[in-house]
Amino acid sequence: MKNKGASLTARLAAAPHIVWSVLFIAAPMLFVLYYAFTDKEGGFTLDNISQLGNASYLTIFMRSAAFAIVATAICLIVAYPLAYAISRATPKKQKIYLMLTMLPMWMNFLIRTYSIMAIIEDTGFINTLLTSMGLDPIHMINTDGSVIFGMVYNYLPYMVIPIYTVLSKLDTRLLEASQDLGCTPFWTFVRVVLPLSRSGVVSGITMVFVPSVSTFYISQKLGGSNFDLIGDTIERQFQTAYNYNLGAAMSLVLMVLILISMAVMNRYSDGEESVVV
Amino acid sequence: MSRLIELKNVSKSFDDAAVLRHIDLYIRDKEFVTLLGPSGCGKTTTLRIIGGFETPDEGDVFFDGKKINDLPPYKRPVNTVFQKYALFPHLNVYENVAFSLRLAKLPEIEISKKVKEMLKIVNLEGFEKRDVERLSGGQQQRVAIARALVGNPKVLLLDEPLGALDLKLRKDMQVELKKIQQRLGITFVYVTHDQEEALPMSDTVVVMDNGVIQQIGTPEDIYNEPANAFVADFIGESNILDGIMHEDELVEFAGHTLHCVDSGFSKDEPVDVVIRPEDVDIVPAGTVPLSGTVDTVTFKGVHYEIIVDVDGFKWMIQTTDYAAPGTVVGLRIMPEEIHVMKKSKYSDLYGDYSTYFDGLDDGSKEEKTKDEK
């Protein structure tokens, strides 16, 4: 039996967090559950969920997943070498590089996305430049590529930071030990650096994949009306169709899918550090 | 025995601070060599140059007669046991030991056989599947040794390998390391700041300070014939006094002229005189020229440690005879126990026990503050 005084203080200290959690996490979740399993009159139904099984919704789910996977993969390919380079720089330079990586995040997300629009529009910055140079304009906006670019641009720092954090803590003596035991720098990277940075990679993947798969703003602004992602569809249920029940069901399914993919990812991390979103 | 490793005129600086100054050193095959000195003396840098982790600014490194200055670590037939071990946390004991074998693409049966053999040598049979981070310090140490030895290196470099272990374990590992070295018949280069570790294990001790080799010799040489006041003080306890060498085998110190066995100094040359605490006998005052007042007495088990004040200079004496504080005693020193050294830049820095405090003495000399003396 531990002394009760300490546990009381601990509970008091935790109280604000508990209140917060109940108000803003548990209660909304319950609302989502409630709407997902009821019809407009409030009676229990599974219709909302079963509706999602039809082909048009399945396509949207698949497309969202595919876009998010591609964006996450690109982020990983770009972020890993970047994070590695930053972690090997002198401490002073590390700070500067990190700040440069984070800098876009200080700008509002909406403004960032609008800026991308302004740059890649058919009459945007790049095409104006091209035409003024006598070249043919390139159609970029409202394509798969522009949406994925938007995701990569917006979420790249979320991939760089966790990988950098793990790499910067990597004990350089392990690298020396590896070389001492006969590994060339390349094999040292494959056999020591890569496995030891896995937890950072897993965190990064989760932190990029989750917002990418549920985004609606990026696809609306950079994808036009060509295609819907799951986020757009959910938004429309609430904003224009006023079908809260279907929207809640979609959110619920998306959440379950994300939880499943996170559980899968966690199996690949060391088990010691579980992924925090 | 041939010269396996040779350092010729090696110098190294970090950020303009000289760490090694013109080191000349050779290490013979199958030899147990210890680089001994206080922190910052350059011993670890010397080891890292042999391992290939540092390149000398000046001078050359030879292995088996071939210059290896620019040979990267992964091409050197030398393996290292790192300070605090540097085990791979993502691999278990078996895979840590098998690391270099996997690289050589040996068949699994052979790897398994070699790893098992090596784990047996370091007394870790049955630990194959254990997580290295869950092992005790001593066990991690053994894994590090097994990992470094499994690839049959010509030379094993050990960087303060026992520093993180407690005293009892350290003593056991010292004996074991020496056994392993003799059994496998390979060269060990061992870095430590602990003279108590260096003397029992080594064939050769290299005493370093301030980036310079102070003395190279067998443990007996280093202890009995220290080259200068630094070595005399760093290895064991020493009373170091100013003296004048009047002629061969006749030296004056502490106000008296005594016979000794040293020769080869110029007439009336100022010298340092070293007398080990265990070489002084306490006898009744008046029977010998030298006498002083007992300051403090500490019982150490095997002997008493007595501080005797002789005209203001405090001597340390280790003897089995008790003498009460305050009594006047005679100090008898046999001629062969007086060791005369040339003056060096270390003269007058060491060897007086007036600020000696027993509680600080933990066997390692690193924490001792020299500037108080």
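F238(A) is partly exposed, with a relative accessible area of 28%; buried denotes under 20% relative accessible area, exposed over 50%, and partly exposed the range in between (1.4 Å probe, protein chains only). The model is predicted, and local features need pLDDT of at least 70, side-chain atom pairs count only at pLDDT 80 or more, and totals for chains, interfaces and linings use all residues. Residues are numbered from 1 along each chain as its sequence is written, chains are lettered from A in the order in which they are written, and side-chain values use heavy atoms, with hydrogens and water left out.

Over all chains, 22 aromatic pairs are found in the whole structure. Rings of Phe, Tyr and Trp (its six-membered ring) pair if their centres lie within 6.5 Å, and planes under 30 degrees apart count as stacked, over 60 as edge-to-face and the rest as tilted. The pair of F149(A) and Y153(A) is stacked, because the ring centres are 6.2 Å apart and the planes lie at 25°. Both F149(A), at 43% relative accessibility, and Y153(A), at 36%, are partly exposed.

A tilted pair is formed by F238(A) and Y244(A), with 5.1 Å centre to centre and 50° between the planes. Y244(A) is partly exposed at 36% relative accessibility. Ring pairs join F238(A) and Y244(A) with Y34(A) and Y35(A) in a cluster.

Charges also sit over rings, a term requiring NZ of Lys or CZ of Arg within 6 Å of the ring centre and within 35 degrees of the ring normal. The charged end of R88(A) lies over the ring of Y84(A), 5.3 Å from its centre. In chain B, the charged end of K129(B) sits over the ring of Y94(B), 5.4 Å from its centre.
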